[in-house]
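This report goes through a few local features of one protein model. Please look at the sequence and the structure before reading on.

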Amino acid sequence: MTKPADNSLKERLGTLRNAAIGAYKDAPHPQRLLKTLCKHVDRILIEAWQQTGLPSEHVLVAVGGYGRGELYPYSDIDVLILLNRTPDSELQQKIESLIQCFWSLGLTIGHSVRTIEECLEESAHDITIQTSLLEARYVTGSRQLFRRMKTRYDEQMNAQAFFIAKMLETRQRHVKLGDTPYSLEPNCKESPGGLRDLQVILWAAKAAKLGNSWNELAQRGLITPSEAQQLRKKERAFKDIRIRLHIQAQRCEDRLLFDLQMPVAETFRFSKNGELLNRRAASEYMMQRYYRAAHTVTQLNIILLQNLHARLFPKPSLPVRINDRFNEVNNHVDITNDKVFLDHPSALLEVFYLLSQRSDLKNMTARTLRAMWHARIHIDRTFRNDSTNQSFFLRILKSPRFAARALQHMNELGILGRYLPNFGKIVGQMQHDLFHQYTVDQHILTVIANLHRFSLAEYAHENPLCSQLMTSFDKPWLLYVAALFHDIAKGRGGDHSLLGMQDARRFCKQHRLSPADTELIVFLVREHLTLSQVAQKKDLSDPDVIRDFAERVGSERYLTALYLLTVADIRGTNPQIWNAWKSKLLEDLFHLTLRVLGGEEISVDHELKKRQKEALATLRLYGLPEDAHVAFWKQLDIVYFLRHDASDIAWQTRTLYWRANSSEPVVKCRLSPIGEGLQVTVYMLDRADLFARICSYFDRKNFSILDAKIHTTIHDYALDTFLVTRQGFEKNYRDIISLVEHELTELLKSPSELPPPSKPRLSRKSRSFPVSPTLDLRPDASGKCFVLSITANDRTGLLYSIAQVFSRYKVNLHTAKIMTLGERIEDVFLIDSEMLQHPRAQIQFETDMIDILKID
């Protein structure tokens, strides 16, 4: 009987909803839209309740955001069907009909059915339920039952326990979302500094009966009227963005995903000098506004939470004098009067120095934070040129305990960007690429935190070499300075390394650093990309590469500093792009360069003998005959021994020496010695399509190839080694090793044609930030081979597609440097082919290669 009415209600709700959203698009007013949508749903639910015929002694209650009277275009609608008794079968049937009716309206309903006693019992054990009931709002039914529930709920509320539970819940949420407002795809509702943080404040205040709005909190003295105004403004901005996200995505989407940022930014119609900004500029402008709003909310929340805590947990304590400007109150630094920062501007930095010197001081009081927040605008050129302030800043950097945290805190309070104006320009600046995870300022501070982490014994297991080097480095604070400036020139145009180097030199001169310290910092900023580029793109088996790099670095001190900064930089870019293979490349380059700087000769002959000696020592442990390796090694040239570690040589010799002339393919796997991935060796008579055939297998099995060493023996056997990985393979690696060995062997035996690559799948990020594919083909130093460098968006099947082009042009592959940076590949291949000796063939080869790199 209710179905025709349901259709009518559904159509009417759709019409009302579309009209409200249309009015919002014409004249954006976030709160008006949220209230209007809520009222429309109220009316429809009331009619559905009446049509279902539930007895009047029960009540329909709005809870959660809907209970707050705010409804976003695609948000869930949370309701409580509050009963005055346990339902019998007749009532249960009517409740089920009501819920079916709700769903038939096209609404996403989250419902619960409880009595008052059940509500109280559930909320006592579940902070989420307790919070949703805090905002319970009457919709229809028995007002008396609703008031009785609210009275019982209020009586049971323990404001102190509620506050503690919400703080723990907030902490867990922040950690889950990266513990920063500055991720490049923030959640405007849940991320630190977002809407949820504002709601937590109001929930805690409401539970303690201290106010239900920012104005009421200001009247109670928890915040100032100007702070209340700022919070209202930021809250409105977040609501506006969240509404536009829902409308643009046409779903409940609260994340500012890359593929939504530009469309959402376009709806704001940002302009400069009367002209609308293009899509990317509008997106960057919107995101910078978002980050600065989140930054403000984060700081005001700290002040509010401290004041709320003081009201809920009064702890009288007499101030203990620190000096004329500061007291200690409950292990927090407190200013002696409200004008301290105005009368003594240097105190803006002195307070951070105090925190760095005394481990008993946890933070600053709300009064100190508020005064600092308002006084920061007085940091100007005169302040920056003051020798006292410069001294305080350097002393903060030199603090072994607090430097990284101090700089983060100074950035959050707007102090760092004022003291270093060029740093202020990159606060909240997006990095539109495929591998950075944070804004520029947050990336820099994460790099500094990583450097500090190297000095802490509890994290030594993460990177033992870095911990060892950092512990013995005499002035680690110089690395912090270099990290501060290494990306400070991002977004200015030109080479950010050179521009940042100039900023660093000015800083060093202004702060009167010694010439030696200045040159180290300038070197690190200028060369901060060099070590990773050499390690990832050059042939480390070539002694000339190592000697050239050693000459560029110049000394062991400079090498150590550059290595530490490079590791911290890569790990601070995006945790997902750091892996054991990258770690090994950097570490290998470090040790090889260290040997050259120490006066050791790295010659081909020396390296050959060294690796053969180490490999033979390992082979003796296997119990092989003394001459077991001889016949096999006669088929291996010098290049093989230079490009393989001694452990790899020993493993492959042990596996293959008795099958050196096998007519069947040999495939052997083991867990990679570097601690990540599988090492796969293929040994068989060489064939033109071998590399493509191997890549086709890994493509079908969803393995990512991290590295490939391609070698042809003197008697024309292919001896190829791959480092591959796949998510979760460690759980049953023994079975996977057996499967790879069997299946790949069978594929290599087969004369069948190569299968087509998997259907290309681009990630959201790659679709939003496409990389223009580039290809560089040029002769190597010998003139016999070509170096092929490729940059493009990564995608499934890409390496296999490249390998198929190699096969068509009868390319012999000597080495492959497979480098994935986030979702961009930068691969380097050493190849030769008779076909490529002709210019026309080279042009066609490059054209075919570009075609398969393009994104359709």
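How many aromatic pairs does a search of the whole structure find? The search finds 27 aromatic pairs.

## Basis of the report

This is a predicted model, in which local features need pLDDT of at least 70 and side-chain atom pairs count only at pLDDT 80 or more, while totals for chains, interfaces and linings use all residues. Residues are numbered from 1 along each chain as its sequence is written, and side-chain values use heavy atoms, with hydrogens and water left out.

## Aromatic rings

A pair of aromatic rings is described by the distance of the centres and the angle of the planes. Rings of Phe, Tyr and Trp (its six-membered ring) pair if their centres lie within 6.5 Å; planes under 30 degrees apart count as stacked, over 60 as edge-to-face and the rest as tilted.

Among the pairs found in the search is that of Tyr697 and Phe698, whose ring centres are 5.8 Å apart with planes at 65 degrees, so this pair is edge-to-face. Phe698 also pairs with Phe703: here the centres are 6.0 Å apart and the planes at 75 degrees, so this pair is edge-to-face. Tyr697 and Phe698 are both buried, where buried means under 20% relative accessible area, exposed over 50% and partly exposed in between (1.4 Å probe, protein chains only). Phe698 counts as buried because its relative accessibility is 1%, and Phe703 counts as buried at 9%. Ring pairs link these residues into a cluster whose members include Phe691, Phe722, Phe806 and Phe845.

## Charges over rings

A charge sits over a ring if NZ of Lys or CZ of Arg is within 6 Å of the ring centre and within 35 degrees of the ring normal. The ring of Phe703 has the charged end of Arg726 over it, 4.7 Å from the ring centre. In another case, the charged end of Arg137 sits over the ring of Tyr66, at 5.1 Å from the centre.

## The cavity

On a 1 Å grid over the protein atoms alone, a cavity is a set of points where a 1.4 Å probe fits but cannot get out, and lining residues have an atom within 4 Å of a point. Grid points are joined across faces, edges and corners, and a volume is the space filled by probe spheres set on the points. There is one cavity of 30 Å³ or more in the structure, and the largest cavity has a volume of about 40 Å³.

Which residues line the largest cavity? They are Leu540, Ser541, Asp542, Pro543, Ile546, Leu592, Ile602, Glu607 and Arg611. At least two residues of this lining come from each of α28 (543-553) and α31 (604-621); helices (H or I, at least four residues) and strands (E, at least two) are DSSP runs, numbered from the N terminus.

## Residues in loops

Most residues other than glycine have a negative phi. Asp179 has a positive phi, near 60 degrees, and lies in the loop between α8 (159-176) and α9. Its relative accessibility is 39%, so Asp179 counts as partly exposed. Lys810 has a positive phi too, near 50 degrees, in the loop between α38 (798-808) and β17 (812-817). Is Lys810 buried or exposed? At 56% relative accessibility, Lys810 counts as exposed.

Ala208 is placed in the loop between α9 (195-207) and α10 (214-219), and counts as buried because its relative accessibility is 19%. Leaving out residues up to four places away in sequence, Ala208 touches Ala159 and Leu312, where contact means heavy atoms within 4.5 Å.

How values were computed
On a 1 Å grid over the protein atoms alone, a cavity is a set of points where a 1.4 Å probe fits but cannot get out, and a pocket is an open set with protein on both sides within 12 Å along at least five of seven lines; lining residues have an atom within 4 Å of a point.
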